[in-house]
Amino acid sequence: MNHPQPSTLVTQKADLKDDMSATKHLDSIVLGAGCFWGAEKRYAAIPGVVDAVSGYADGEGIEPQYREIIKSKYRLDPNNYAEVVKVTFNRNKVSLEAILKNYYEGHDPTQVNRQGNDIGTQYRSTILTNSTEQQDIAQRITAEYQVLLSEADYGKIATIIKPLDTFHPAEEYHQDYLVKNPNGYCPDHSTGVVFNEKDKAPEVDNTALQQGKQIVVIEPQSYCPYCEKFKENVTNDYQGTIPLTWRHGSQLDGLDVKTETWATPTILFLENGKEVFGHQGYLTPEEFYAVLGKFKLGDTEAYKVAFQQGTDSRFCKEYDIFKDTPPGVFIDKLSGQPLFDTQDRFNSKTGWLSFTKAVDGSVTYHEDNAFGLERTEIRSKSSGIHLGHVFDDGPNGQPRYCINATVLEFVPRENS
C-alpha cells in the first residue's frame, strides 16, 4: 500500500480546512413576502447577507416560471408557486433571528395571499426552512411578532412556516430587478410595527405640513434604492422655498392624502395639508421640476416662460423689482440654486434683466433657431427651466445674458 507523503497530507488538510472555513458558517433560508423585487433588495442590504436570489417555491403541478404562475387560472390556486427570495447569510455576522425580524417588519404578514394591490397565492407570506432548528426559531420569532401586532390592533399572522422542498431560481431578468429598472419604486407593505422600540418610527408633529404649500416624500424604515437615488439626483441639491420633508408611511397623521403609500418613494405635493398631486416611485429631476413648476407657478407668465420658452413682457413688474436690488444673488425659482450675482448685473436698457455672466456651472447652453433666428438659449442646470438667451453685445466686449425676471427669486447677500 502506498501511503501519502507527509507534505501531501499537510496540503490535503489545509485544503480541507480552507473548504470548511469558507462554507461552514454559511446558511440560507427562503422567504416569501409578496413581490420578490423589493424583498430581494431589502434582504441583500442586511449586513452579513452574502446573496439574495429571487425565485419560486412551495408549489406543485405548475411550471415554476413567471409566465405560468401569473396566469389568472392559478391566481387563487393553493398549489401555485410563491414568489420567494433565497437568502444566504454568514452566521458569524448576522443571526437568523435578525433576518426574520427584518422579514416581518418589511411586510404585512396578516394579509392572506396578498400584499397591498398584489393579490393571489403567489404573493403569500411564507417561511421555508432547511432544518428543525430554523423551524423552531421561525416559530418563536413569529410568536413574538404576533404579540406586538396584537398590541397594535393587527390581526392574526397568516405566514406559512414549513420545510423547503425545492427552490427554483427565477428568470435572469428578475434578478436584481430594481438595479436593472432604475426608474421604479420599492414596494413597502410594512405595518410600522417593530421588534425594538428604538427602531419604531418616532411620532412627529405635522402642524407645519398643514400650512401652505409643502412637499412630502415617503420613504420606508428599511433600505430603498430608489429613495437613495431620488436623494442623490434631486433632493440633496434642492433649495427651493417650498419646504420638502421626509416621512414614513406611518407618520402622516393630520394630512389628507389620497395616493396609496405602499410604494417608496411616494412624492406628495400638499396645500394646507391636503394632497394636490401625488406620485408613486422615482422621479427624474426633469419630472420632479415639471410637477413642482405646475404646483408652485400654476397658470402664470412664469410657468409659460419656464416650461414653454416664453418671454417676459418688457419692463414687467418683476423687472422693476429686481433691476435695483441691494447686493445678492438671483436664484432658480424652483430649485433655489444660485444663477446670477448682482455684481455681474448691468442696465442694458432693453427692459429685461442683463448680466455679463452666470454663476459658474449653474446654466446650460442650447442652440435655438426658433422664429428663423440663430440664438443661444440659457437653461437652469438644476431644474432645466428656460431662463433666456445670451448675446455677444454686452459691455466692453462681454456677453449679455438676457434673462426673464419672472423665473427668478432674489436673496440679499448677508451683511450687505
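Predicted model: local features only at pLDDT ≥ 70, side-chain atom pairs only at ≥ 80, totals over all residues.
Strand E21, which comprises residues 386–391, is mostly covered, with five of its six residues buried. His389 lies in this strand and counts as buried because its relative accessibility is 9%, under the 20% limit. The side chain of His389 makes a polar contact with the side chain of Asp368 at 2.8 Å. Not counting residues up to four places away in sequence, His389 touches Asp368, Arg375, Thr376, Glu377, Ile378, Arg400, Tyr401 and Cys402.

## The hairpin of E15 and E16

Another hairpin is formed by E15 and E16, with five residues between the strands and a positive phi of about 80° at Gly336 in the turn. Strand E15 (residues 328–332) and strand E16 (residues 338–341) run antiparallel and are joined by three bridges; Ile331 stands opposite Pro338 in E16.

E6 and E7 pair in the parallel sense over four bridges, with Ile127 standing opposite Ile161 in E7.

Thr88 counts as buried because its relative accessibility is 19%, a value to be read against the limit of under 20% for buried residues. Leaving aside neighbours within four places in sequence, Thr88 is in contact with Asp27, Ser28, Val49, Val50 and Asp51.

## Helix H5

Helix H5 (residues 132–151) has 20 residues and reaches 29 Å from its first C-alpha to its last, which is close to the 28 Å expected at 1.5 Å a residue. Just after H5, Asp153 takes a positive phi of about 70°.

The buried residues of this helix are Gln134, Gln135, Ile137, Ala138, Ile141, Thr142, Tyr145, Gln146 and Leu149. An α-helix has 3.6 residues a turn, so residues three or four places apart point the same way. The buried residues of H5 pack against strand E1 (26–33), helix H4 (96–105), strand E6 (125–129) and strand E7 (160–163).

## The four-stranded sheet

Four strands form an open sheet in the order E11-E10-E13-E14, with mixed pairing. Its edge strands are strand E11 (244–247) and strand E14 (274–280), each of which pairs on one side only, and the twist averages 25° from one strand to the next.

Strand E10 (residues 213–218) runs parallel to E11 and is joined to it by four bridges; in E11, the bridge partner of Ile215 is Leu244. Helix H7 (residues 225–233) packs on the sheet and touches E10, E11 and strand E13 (266–271), while its direction makes about 165° with that of E11.

## The chain as a whole

The secondary structure of the protein chain comes to 10 helices and 23 strands. The chain has a radius of gyration of 29 Å, whereas a compact globule of 416 residues would have one near 22 Å. Along its principal axes, the C-alpha trace spans about 100 × 65 × 45 Å.

Of the 416 residues of the protein chain, 49% count as buried. Among contacts between residues at least 6 apart in sequence, 69% join residues at least 24 apart.

Definitions and conventions:
Residues numbered from 1 in each chain as written. Heavy atoms only, no water. Pairing = 2+ DSSP bridges. Helix = DSSP H or I, 4+ residues; strand = E, 2+ residues; numbered from the N terminus. Buried < 20%, exposed > 50% of the residue type's maximum accessible area, 1.4 Å probe, protein only. Axes fitted to C-alpha atoms, helices over the stretch in contact; angles between N-to-C directions. Contact = heavy atoms within 4.5 Å. Expected span 1.5 Å × (residues − 1). Polar contact = N/O pair within 3.5 Å; in protein donor to acceptor, adjacent residues only side chain to side chain. Rg over C-alpha atoms; globule rule 2.2 N^0.38 Å.
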